[in-house]
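This briefing covers the strand order of a sheet and the packing of helices. The structure comes first, and the notes follow by topic.

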Amino acid sequence: MNKTDVVIVGAGPAGIFTAIEMLRRGSGKKITIMEKGKSVEQRHCPKAETNRCINCKPNCAITTGFSGAGAFSDGKLSLSCEVGGDLPDLIGAELAQETISYTDGIYLEFGADQHVEGLEETEEVKQIRTRAIQAGLKLVSCPIRHLGTEKAHKLYEDIEHWLQDKGVEILFQTECTGLIIREGRCRGVTYTDGHQDFELYAEETVVATGRRGADWLEGLCTTYGIDHVSSTVGIGVRVEVRNEVMETVNRAFYESKLIGYPPPL
């Protein structure tokens, strides 16, 4: 019977940092990560050659694989809890910021650029902040650690190899198909390599499938009567304006965010 101590479904940021934290805390448990995509070094989007999406099968190389969808982003780490999701509302702004700083420290250990953009509080920044307040807006200037796409790939490749060197088993191109539930407790997972179905039993199961696997996870929760709440999804609308309108803000900030709440009708 296939057995492990801890199985982590998904090798995106949540799955990766679960394994890293276990090792940093001295866990001696056998850790298995299950990922339906490929390793960092094998991830490649054919669009560079074809100039169009060819709808890769069985999985998209951009949204699946070690390090998740972020592997093909421009590699920006937002270091303020005021930017992003609703984590500050769930655990408190102070703990959220401490967690961001702690995670950033791990990125630095693996070779992230020491330089952080957006820390300068110049006179121009103060003036823009004052104007924002007068307009009923909140200006959030977010510090950014810019890795860049190529450096992000190298960093995640180093993390991947570090985990493997520490004894973490990573099963690539292996898709979790369900949970093994016995007597009201999760005993492991079922999975496929595309040709054959298997079972993997574990003391603990961590499902970290990210946005790509959200529908799948929600279906499992419904099937097994597990209470769950879907988080909100931010929808962006791109509005283009003349350079003169945003020139001052773009010059003063590497990246900024203006928050405004319209009065009720």
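Predicted model: local features only at pLDDT ≥ 70, side-chain atom pairs only at ≥ 80, totals over all residues.

**Sheet and helix packing**

Tyr-191 stands opposite Phe-198 of strand S9.

Sheet
- Strand S8 (residues 185-192) and strand S9 (residues 197-207) run antiparallel and are joined by 5 bridges.
- The open sheet is built from 6 strands, with mixed pairing and the order S6-S2-S1-S9-S8-S7.
- Its edges are strand S6 (169-171) and strand S7 (175-182), each of which pairs on one side only.
- From one strand to the next, the twist averages 40°.

Helix on the sheet
- Helix H7 (residues 214-224) packs on the sheet and touches S7 and S9.
- The direction of H7 makes about 20° with that of S7.

Helix pair H1 and H4
- Helix H1 (residues 13-24) and helix H4 (residues 93-109) have axes that come within 12 Å and cross at roughly 85°.
- Angles of 65 to 115 degrees count as roughly perpendicular, and H1 and H4 are therefore roughly perpendicular to each other.
- On the H1 side, the contact is made by Phe-17, Ile-20, Glu-21 and Arg-24.
- On the H4 side, Tyr-102, Thr-103, Ile-106, Tyr-107 and Glu-109 make the contact.
- The residues of the contact between H1 and H4 comprise 5 nonpolar, 1 polar and 3 charged.

Terms used: Residues numbered from 1 in each chain as written. Heavy atoms only, no water. Pairing = 2+ DSSP bridges. Helix = DSSP H or I, 4+ residues; strand = E, 2+ residues; numbered from the N terminus. Axes fitted to C-alpha atoms, helices over the stretch in contact; angles between N-to-C directions. Contact = heavy atoms within 4.5 Å. Parallel < 35°, antiparallel > 145°, perpendicular 65-115°, else oblique. Nonpolar A, V, L, I, M, F, W, Y, C, P; charged D, E, K, R; others polar.
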